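Here is a friendly note to read alongside the model. Please keep the 3D view open and look for each place as you come to its point.

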Amino acid sequence: MQFELYSHQKIAHAAMIATLDTSARALLVACTGFGKTISICAMLNERYVGRRVLILQSRIDLVAQNTAKVVALCADASRRARLAERADPRRFGCGPPVHACGRCGADALARRVREVIDAGSGLVLADWAALERDPGLVEAVEHVVLIDPPPFARPKGARSERYATVTAA
């Protein structure tokens, strides 16, 4: 995908490329509305095609803004419902957040996740119990966000390359 950058974004892009020529890390700091996501994506398209890249974002709404389909995993989806409501993916042209908890019936769980997949965008707030019941929950989404650590080493039946151990620093 190609991005048309504004002049201020071109300057930031050139600075990131120059930094990455001499360092393994770069940090872009700019004001709200600068177009940091577009600038970073342009740099990624130029330097890191086909490679894994870690982008840390401080809020779930930023993740929802920058991707089509997100599953956010937490300890208890019903208790964390306000988190998904505050993220409000409708601000970015998506549907309302969908809650999928381990207490949902299998059909209801599949139907809720399917709403987001069929829409092509959105946020599913799911708990670890829902993922353990249906490991396929994360297969059709671009991003999985870990809000709370998992209570088990790896969900049963889950493909190992989709999961990693996350350690707090």
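1. E85 sits in helix 4; helices here are DSSP runs of H or I with at least four residues, strands are runs of E with at least two, and both are numbered from the N terminus. E85 is partly exposed, its relative accessible area being 42%. On this scale, buried means under 20% relative accessible area, exposed means over 50%, and partly exposed is in between, using a 1.4 Å probe and protein chains only.

2. Which residues does E85 touch, leaving out those up to four places away in sequence? They are P97 and H99, where a contact means heavy atoms within 4.5 Å. E85 and P97 are twelve residues apart along the sequence, and their C-alpha atoms are 6.6 Å apart in space.

3. A word on how to read the values: this is a predicted model, in which local features need pLDDT of at least 70 and side-chain atom pairs count only at pLDDT 80 or more, while totals for chains, interfaces and linings use all residues. Residues are numbered from 1 along each chain as its sequence is written, and side-chain values use heavy atoms, with hydrogens and water left out.

4. Now step back to the whole protein. It has six helices and four strands, and from the N terminus the order is α-α-α-β-α-β-α-β-α-β. Of its 169 residues, 38% are buried. Among contacts between residues at least 6 apart in sequence, 65% join residues at least 24 apart.

5. Next, find helix 1 (residues 7–22) and helix 2 (residues 36–47), whose axes come within 9 Å and cross at roughly 45°. The axes are lines fitted to C-alpha atoms over the stretch in contact, and angles run from 0 to 180 degrees between N-to-C directions. The two helices are therefore oblique to each other: under 35 degrees would count as roughly parallel, over 145 as roughly antiparallel, and 65 to 115 as roughly perpendicular, with the rest oblique.

6. Which residues meet where these two helices touch? Helix 1 brings Q9, H13, M16, I17, L20 and D21, and helix 2 brings I38, S39, I40, A42, M43, E46 and R47. The residues of this contact divide into seven nonpolar, three polar and three charged. Here Ala, Val, Leu, Ile, Met, Phe, Trp, Tyr, Cys and Pro count as nonpolar, Asp, Glu, Lys and Arg as charged, and the others, Gly among them, as polar.

7. Side chains of opposite charge can pair when their charged atoms come close. A salt bridge is counted when a side-chain nitrogen of Lys or Arg is within 4 Å of a carboxyl oxygen of Asp or Glu, and the count comes to four. One of them joins D21 and R47, at 2.7 Å from N to O. D21 lies in helix 1 and R47 in helix 2, so this pair ties together parts 26 residues apart in sequence. D21 is exposed at 55% relative accessible area, whereas R47 is partly exposed at 27%.

8. Finally, look at D76, R79 and R103, which are linked in a network of salt bridges. The closest N and O atoms are 3.8 Å apart for D76 and R79, and 3.4 Å apart for D76 and R103. D76 is in the loop between strand 1 (69–74) and helix 4 (81–87), and R103 is in the loop between strand 2 (98–100) and helix 5 (106–119), 27 residues apart. Is D76 buried or exposed? D76 counts as buried, at 17% relative accessibility, while R79 is exposed at 75% and R103 is exposed at 57%.
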